[in-house]
Amino acid sequence: MIQKNIPLKDYTYTKIGGNADYLAIPESIEELTKAVTFAKKNNLPWMVLGNGSNVLIQDGGIEGLVILTTSLTNMTIEHEKITVEAGAPIIEVSRAAHDHLLSGLEFACGIPGSVGGAIYMNAGAYGGEIKDVCTHVTVLTPEGDVERLPAEKMAFDYRTSAIPKKNWIVLEAEFVLDQGEQHVIKAKMDELTYLRESKQPLEYPSCGSVFKRPPGHFAGQLIQESNLQGVQIGGAQVSLKHAGFIVNKGDATAKDYLNLVHHVQKTVKEKFGVDLEKEVRVIGRT
């Protein structure tokens with residue numbers, strides 16, 4: 001179950017990242033807890049990675065054990081409640097809700113993250129956020145206890161939650177939705193899918209939106225008005241299609257990516273006096 005020296009670029013949306021010293025891909029929550037036990041027994045640092053859609057793994061890779069949750073995808077639907085494991089793509093949960101005439105997750109139909117990642121950062125798009133529909137989260141604590149917690153304990157805020165602060169691992173989430181009409185749900189999802197595909201550079205690897213929305217502004221607009229679209233460092237480029245994205249044009253390194261992030265931040269600060277805060281998580285060794 002535990003693999004050694006595995007390239008992580010194969011597991012990230014940016015197609016960037018060094019190797020994990022050790023990698024586990026558990027098939028069940030029981031296997032996940034065993035992987036954590038393995039790390040503790042061997043005094044290894046460890047971390048959990050979802051489907052790698054909103055992270056930038058540095059070129060030196062990650063020390064210790066990386067636990068990939070992509071095989072934890074079990075989902076049950078009972079009336080208006082969806083219970084789903086952390087590794088399931090949130091897009092698939094949105095589609096399942098549609099199939100069961102449930103409304104409330106339409107906004108997630110284009111978010112390329114896992115359920116665990118969506119909880120971790122209170123993912124949102126087009127006016128909706130995870131906190132609007134999440135009622136409970138089951139976590140594994142640093143002490144090794146499994147706890148089912150109400151959403152109020154998650155401290156959801158703009159693109160953040162209590163998960164990183166408490167060092168919890170998301171195991172499962174519960175969403176309570178509203179009954180809806182399938183054609184109305186589908187129309188909303190079709191509209192949001194069109195907006196995403198027409199505006200976002202899906203033809204290249206990327207981590208999605210690089211920066212959080214600064215108060216009173218839009219990051220993409222500030223970057224565009226700073227004449228940064230198309231600017232490239234190594235294989236990393238500010239997207240010509242959407243200025244809020246940095247894409248991997250081929251063989252980009254994490255160093256390329258971060259150098260471009262810093263260049264964008266510096267330029268926008270000088271031109272507009274606005275600090276752009278990274279939304280993407282940067283992890284690993286330089």
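The unreviewed UniProt entry annotates residues 16-195 as "domain: FAD-binding PCMH-type". The model discussed here is predicted.

Visitor: What is the make-up of the span 16-195, and how far apart are its end C-alpha atoms?

Guide: The span is 27% helix and 32% strand. Its end C-alpha atoms lie 27 Å apart.

Visitor: Why is helix 2 called largely enclosed by the rest of the structure?

Guide: Helix 2 runs over residues 90-99, and seven of these ten residues are buried, so the helix counts as largely enclosed. The buried ones are Ile-90, Ile-91, Val-93, Ser-94, Ala-96, Ala-97 and His-98.

Visitor: What covers the buried residues of helix 2?

Guide: The cover includes strand 6 (75-78), strand 7 (81-85), strand 8 (102-103) and strand 13 (169-176). Helix 3 (115-120) and helix 5 (182-199) are also among the covering elements.

Visitor: Why is Ile-119 called buried?

Guide: Buried means under 20% relative accessible area. Ile-119 has a relative accessible area of 0%, so Ile-119 is buried. This residue is found in helix 3.

Visitor: What makes contact with Ile-119, leaving aside residues up to four places away in sequence?

Guide: Contact means heavy atoms within 4.5 Å. On that basis Ile-119 touches Ile-130, Cys-134, Val-137, Met-154, Phe-156, Ser-161, Ile-163, Val-170, Ala-173 and Phe-175.

Visitor: How many Å separate the C-alpha atoms of Ile-119 and Val-264?

Guide: The separation is 28 Å, for two residues 145 residues apart along the chain.

Definitions and conventions
Residues numbered from 1 in each chain as written. Predicted model: local features only at pLDDT ≥ 70, side-chain atom pairs only at ≥ 80, totals over all residues. Heavy atoms only, no water. UniProt positions renumbered as here; feature names shortened; annotations may be inferred. Helix = DSSP H or I, 4+ residues; strand = E, 2+ residues; numbered from the N terminus. Buried < 20%, exposed > 50% of the residue type's maximum accessible area, 1.4 Å probe, protein only.
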